[in-house]
Amino acid sequence: MSKPTLLSLTLILAFALLVGCTAPAAAPAAEEADATMAESSDEMAEVEQVLIGGFDVGPGGDPQGVLYNNGAGNVWFVKMFTPLIIMDQTFSNHTSEAALAVSWEPNEDATVWTFNLREGVKWHDGEDFTASDLKWTAEFVAAPMAAVTHFGISQPDQVMGWTEFNEGEADEITGIRVVDDLTLEVELNIPNPRFYDAVRAFYALPEHAIDFDSTEIFSSEWWFTNPIGTGPFKFESFEKDQFMSLVPNELYWDGTPELDQLINRYFVDETAAVLALESGDIDFTYVSADVASRFADNPDYQIFSGPSFVTNMFNFNYNNGVWADKRIRQAFMHGIDRASILSDVFNGTAQATPCHDSYPTFWPEDASYYEYDPDKARELLAEAAADGITLEGINLDIPTYYTSQLAKDILTVMQANMADIGVNINPTFLDVPTWRTVVLDNAQEWNIAYLGAGGGPASYNPAWYIEDNQWGIEDPAYADLFAAMDAAQTAEEYKVARTALCKHQNEEATMGYWWVSTRYGIASVDVEDFHYFPAPGGGPYVDRSQDWNMK
Amino acid sequence: MQYFLRRVLVNIPVLILVTIVIYLLINLAPGDPVDFFVNEEIGITKEDLDFVRERYGLDDPLPVRYVKWLGQVVQGDLGFRFKNGDDVAEVLAVRLRRTFLLMGTALAIGIAVGVTLGIFIGLRQYSFWDFTFTGLSFVGISMPAFIAGIFGLYVFSVKLGWFPSGGMRTIGKPDSLFDLLYHLALPAGTLAIFNLATFMRYTRFSMLEVRGEDYVRTAKAKGLKPPAVTWRHVFRNALLPIVTVVGLSLPTLVAGALFTETIYSWPGMGALLVDAVAARDYPMVMGIMLVTALVVLTANLITDLAYAVADPRIRYE
């Protein structure tokens with residue numbers, strides 16, 4: 001090869017190497033760059049306390065979502081908007097705390113609820129927040145063509161006139177009444193002593209600042225250009241697919257937040273968020289259990305954890321085959337080594353649950369946890385077989401939308417356990433739309449689904465168990481058990497009734513109730529007075545983000 | 001020109017056929033767009049879902065929906081995303097720009113370095129450099145994209161801190177070309193590894209094949225200097241297979257790279273397609289597929305035309 005050719009090749013290679021290697025040298029590392037830029041710009045120099053987080057990473061997140069679309073994303077929404085009532089910090093004490101409402105009380109039969117609103121609450125643009133905004137919000141999201149499915153009020157059809165308005169037969173929701181600027185009254189069709197809990201995702205929207213129709217609620221640019229709420233932070237900027245930035249709301253009723261900037265960076269993938277945390281580009285992200293263990297002894301990070309309040313279970317399809325026979329259901333409970341799965345697969349990051357209810361407050365002390373007993377499982381199956389009830393010829397594919405490695409490991413152990421007692425189950429891992437089609441639209445074709453079900457500490461959806469439920473459960477006891485819960489007038493009565501329901505589910509093994517897993521968030525130790533709780537849908541819960549600050 | 005026009009006209013029915021097949025496939029897949037509005041862990045009633053389905057016109061028969069969609073597309077309207085109401089054409093315009101930048105840079109690096117190294121080792125068969133670069137090229141070709149991406153991010157961002165951990169710009173700082181290049185370097189570099197290895201392998205093989213031809217021996221025999229033999233007789237004739245490979249790579253300029261975009265939080269077409277499919281966002285999926293099909297057909301046409309430039313013996317009529 002001639003010298004000029006060799007020289008050319010060398011130059012090209014050297015250039016390629018330079019492109020790859022000089023960029024970091026020329027580009028200052030993140031901290032240096034921060035300092036350089038801050039010095040060079042007066043505006044930037046003022047920004048001292050900046051917290052960047054992956055607030056929409058994980059199952060409770062809704063990246064670039066808007067309020068009222070699918071019930072998730074509350075970790076971020078609550079920074080800008082405020083619900084009528086909010087859950088406590090740990091989401092578990094069966095305590096609702098003041099937010100827009102400072103107090104609430106029912107009438108004698110709990111059919112009319114009066115919410116006394118906080119004085120001095122202002123929207124980010126300086127306008128006064130009033131009870132009219134709440135009534136307007138309820139009607140805005142419930143408008144017939146809005147196509148909203150999560151209204152912020154659980155079981156909204158309990159509200160007088162809500163159904164008529166939602167179906168276009170009325171001009172207003174008659175049951176929601178503005179008494180004065182600081183008093184909202186809600187009348188119900190039926191007594192509900194715990195209605196206060198049903199409005200903990202009912203965020204107020206500003207009537208005066210929304211200029212789009214309710215049919216555009218999910219498509220309006222307003223959410224990303226000039227959203228106005230009453231939360232501790234207000235909108236600053238949004239870069240599609242990349243981040244949203246907030247700044248302190250000086251008008252916030254509980255004091256101006258300490259941070260100068262709060263930024264939500266969007267990630268498609270949890271791994272990318274974790275690497276961003278480790279590289280110091282962000283200060284917080286949700287992480288799954290196996291990742292959290294890596295950070296356990298690292299002094300540079302603080303770990304936040306809590307139960308997911310989602311019960312993972314085998315959903316038996318009573319519409320088909322053999323599930324009405326308790327012995328078959330209990331054979332599954334005894335046939336699977338739950339304790340080993342919890343200790344060896346979950347590594348202790350999940351808790352066994354005796355029933356559908358994910359709140360330990362309502363778990364009976366004498367509940368059975370169906371110890372692993374393959375002999376007992378075989379015995380139960382044999383007894384059922386003697387009566388002509390067997391699993392032979394039944395499709396035991398188990399569709400699930402949990403597709404993580406952890407879920408695969410869990411179901412593999414279950415498969416091995418069941419094979420030991422002569423039952424061949426076959427887990428099938430599907431994306432959510434496929435799972436919904438398989439399980440919900442083709443109920444005649446499957447027998448067991450592995451899923452998660454959540455709910456509030458003061459509300460409980462009876463649709464799973466009472467008559468005409470979609471799973472075909474025919475157990476008359478459930479109607480009475482749910483009725484007792486509805487009739488409860490005090491917190492203690494309610495607890496007794498709900499615990500009784502749990503006890504019945506536990507004894508009957510109506511479904512295969514397994515565990516409630518723990519979820520995690522990791523923050524840099526540089527973030528002080530920070531709080532995160534992995535609540536279903538991200539909350540909303542009290543996080544006092546106005547106190548967060550950076551060292 | 002006549003050939004060009006004929007190819008363009010033939011591509012129109014092909015394009016329509018492609019859209020029919022894709023429309024059919026995406027609609028045959030289980031699930032539908034209303035699933036996006038469901039949080040499985042919170043729940044929703046079937047009636048609510050049916051209402052949303054009706055609201056989006058998903059209760060129309062499939063052929064009716066396709067004809068409506070095609071009618072819109074012919075008028076230049078790709079529709080709106082089910083997921084968030086975004087204008088599909090606008091989303092595509094933004095995402096295409098980002099993906100083009102990422103994939104274009106990776107492709108340019110791949111071609112420049114890969115072809116150069118291919119020539120270099122093609123002229124030195126069985127040398128130390130040949131074995132070294134050939135060995136490395138196997139690593140480059142066989143390493144899965146997500147492994148390369150995570151490895152690159154872990155080493156150069158987490159451990160060394162030389163590059164950012166993803167995204168397209170430094171949050172809180174004004175946009176600048178330098179900042180963009182700073183964020184581009186790592187994902188483009190990761191993607192370039194595969195391109196580079198592929199082009200190097202093809203170039204090496206092609207160079208070796210042409211070097212053994214009679215006309216190369218003749219050129220040497222008539223006393224031409226080695227550079228003239230290499231560039232005028234070997235490289236020019238070795239170009240054809242390389243042009244083919246480059247042409248086949250062109251669609252990736254718009255299709256994006258799923259894993260690399262995901263791991264580097266680079267909001268391009270690959271990540272968009274995954275998002276759209278997961279949400280069963282039919283208008284978005286169709287928009288992406290339409291653009292991709294258009295580019296594939298165009299790239300094939302350009303490749304065919306490029307043959308004539310590379311080899312004057314080739315004439316199209």
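Helices (H or I, at least four residues) and strands (E, at least two) are DSSP runs numbered from the N terminus. The model shown in these close-ups is predicted: local features need pLDDT of at least 70, side-chain atom pairs count only at pLDDT 80 or more, and totals for chains, interfaces and linings use all residues. Residues are numbered from 1 along each chain as its sequence is written, and chains are lettered from A in the order in which they are written.

**View 1. Asp529(A) and Pro540(A) in the loop between β18 and β19 of chain A.** Let's start with Asp529(A), a residue other than glycine whose phi is positive, near 55 degrees.

**View 2. Arg280(B) in the loop between α12 and α13 of chain B.** Arg280(B) is not a glycine, yet has a positive phi of about 50 degrees. Arg280(B) counts as buried (under 20%), at 3% relative accessibility.

**View 3. The disulfide of Cys355(A) and Cys502(A).** A search of the whole structure finds one disulfide (a pair of cysteine sulfur atoms within 2.5 Å) over all chains. Cys355(A), in the loop between β13 (350–352) and α12 (374–386), pairs with Cys502(A) in helix α16 (residues 491–508), so the pair ties together parts of chain A that are 147 residues apart in sequence. The sulfur atoms are 2.0 Å apart, and the link is left-handed, with -95 degrees about the S-S bond. Cys355(A) and Cys502(A) are both buried.

Technical notes. Heavy atoms only, no water. Buried < 20%, exposed > 50% of the residue type's maximum accessible area, 1.4 Å probe, protein only.
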